[in-house]
Amino acid sequence: MYAKEIKTKIWIYIAATAISFAYLLLIPMQGISVLIYHAIQMGLFFMIASGSAGRQKNMKALLLFIPIFIISASSFVSALEIYSFTNMLVIFALYVVMIIMFLGEFPSIKDTSPRFVKKFFVHAIEPFWHFFEPLTWLKKGEKSNKKIWKRILIGVIAAVPAAFILTFILASVDSVFADKVEAVIEFVFEFKFFDDIVRIVIGLVIALYFCGLLLLLYKEKKAKEEEPATRAPKADAVIFNIITISLIAVYTLFAFVQIKYLFAGAQLPNGLDFQTYARRGFFELIVLSFANISLVLVSVYLFKNRTGKTGVIIKAVNIALCALTGVMLASSFYRMWLYGADDGLTRLRFIVFGFLIFEAIGLIITVFYVLKPKFNIFFVYTALALSYYCLLTVSNMDYFIAKSQIDRYFENGTTGLHYTTMLSPDAYPQMKRLIGTERGEIYSQYIQNNEYRVFLLEKDWRSANISRDRFSHEVK
């Protein structure tokens, strides 16, 4: 079924992936090794996808290595490890999407159907059905290679004892040679064979999975099935508008209260303190903003083909709901800003600030979608989320958090420094500002919390990391 050239490429991919995964990723402390591993994958993917064999391939799919490299770079430029698991999931999803793009099955931005989601999960699961396929090639070639393997086995059986006897004789003749032999034997026995075997097996499993993914490039393209005509969704516009307009009425009252008391600073009733008032309800507003955007998307899906007065009313209602959601996002951002001004930044607050900015961009795009639902809004949301995540992984978050907390300490003596002791080595350029101050114990605790990862864990060139290396150099 597969040409010899394809099988050779696949075996090269399996061997290179299994070894590089085990050697570069399955280590106590990852660093530049993550970036190198995905650079190797890029070369291997190019090797597999290039050539005329198999289905015609869209080589622009390799552009997805740009976000993969950005995410992978976080392991080299930042010592923050909270993204490790999500990085793995996002990069895995990008590889699956890459295969879909290679196959030319990636939808255009004008394709408003949700078929891509189904296609993604199908392609993510399909490699399991081809998991052992490369091993069957060995079985098919077993008869022709049987004599060769037999001769190799006989040669090894004869060579090993001969080499041992010769080594023993030469070691008894030359003491220096004997010392070198003893050193080699000690090295071999100190080598962690079992751990390395486990890593190789894990690497092989990963390689076989991605091999199954790449084999999709050489499968015969199935005849395109005629998709059944989709029926226009049925929904009562009157009932939907009544429900939505009632929600808008409540949101309008809420927006008026926000503008008057939160933004304009009017006198709060019942002696309510502004800080207490402003700091409540942030996460509830985030949930409601999501619910509102979801409601708008459902409305567009149900009534995008409505024309006349009904269509105009539905669009107006959706635009009003988007506008009120914008007020809620502004309220959420301002409340979080007050949190930060009063208590300083934390990781959660930093992430939420960025999330609110990108959600606001998504809301603006949603308004365009309401007016002209001619593009795939979920594709746009996914691209926006990926952009935010890529920026977040390389944003040096802990540095800015430490700066926020330490600036507050020097400006007004407020105490929030205890949070900084849990930060990664990324924060070190700011944390050293505490040396010689009354809060020097915060710096000492911070160093103590990081020294295990930086000084005590076994590491080599694969663990090279700009932030950790700077921390190690300056602290020493």
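Predicted model: local features only at pLDDT ≥ 70, side-chain atom pairs only at ≥ 80, totals over all residues.

Me: OK, is Tyr-369 buried or exposed?
Reply: Buried, with a relative accessible area of 8%.

Me: And which ring does Tyr-369 pair with?
Reply: Phe-375. Rings of Phe, Tyr and Trp (its six-membered ring) pair if their centres lie within 6.5 Å; planes under 30 degrees apart count as stacked, over 60 as edge-to-face and the rest as tilted. For Tyr-369 and Phe-375 the centres are 5.3 Å apart and the planes at 70 degrees, so the pair is edge-to-face. Phe-375 counts as buried too, at 17% relative accessibility.

Me: How many aromatic pairs are there?
Reply: The count comes to 29. One of them is Phe-131 with Phe-132: their centres lie 5.0 Å apart with planes at 80 degrees, so that pair is edge-to-face. Phe-131 is buried at 13%, whereas Phe-132 is exposed at 54%.

Me: Which rings link into a cluster?
Reply: Ring pairs join up Tyr-13, Phe-45, Phe-65, Phe-69, Phe-92, Tyr-95, Phe-128, Tyr-209 and Phe-210.

Me: Switching to charges: how many salt bridges?
Reply: Eight, counting a side-chain nitrogen of Lys or Arg within 4 Å of a carboxyl oxygen of Asp or Glu.

Me: Which residues are linked in a network?
Reply: Lys-403, Asp-407 and Arg-433. Lys-403 bridges to Asp-407 with the closest N and O atoms 2.9 Å apart. Those two are four residues apart in helix α16 (residues 397–412), so about one helical turn separates them; helices (H or I, at least four residues) and strands (E, at least two) are DSSP runs, numbered from the N terminus.

Me: Where does Arg-433 sit?
Reply: In the loop between α17 (428–431) and α18 (440–456), so its pairing with Asp-407 in helix α16 links distant parts of the chain, 26 residues apart. The Arg-433 to Asp-407 bridge is 2.9 Å, N to O. Arg-433 is partly exposed at 30%, and Lys-403 is partly exposed at 34%.

Notes: Residues numbered from 1 in each chain as written. Heavy atoms only, no water. Buried < 20%, exposed > 50% of the residue type's maximum accessible area, 1.4 Å probe, protein only.
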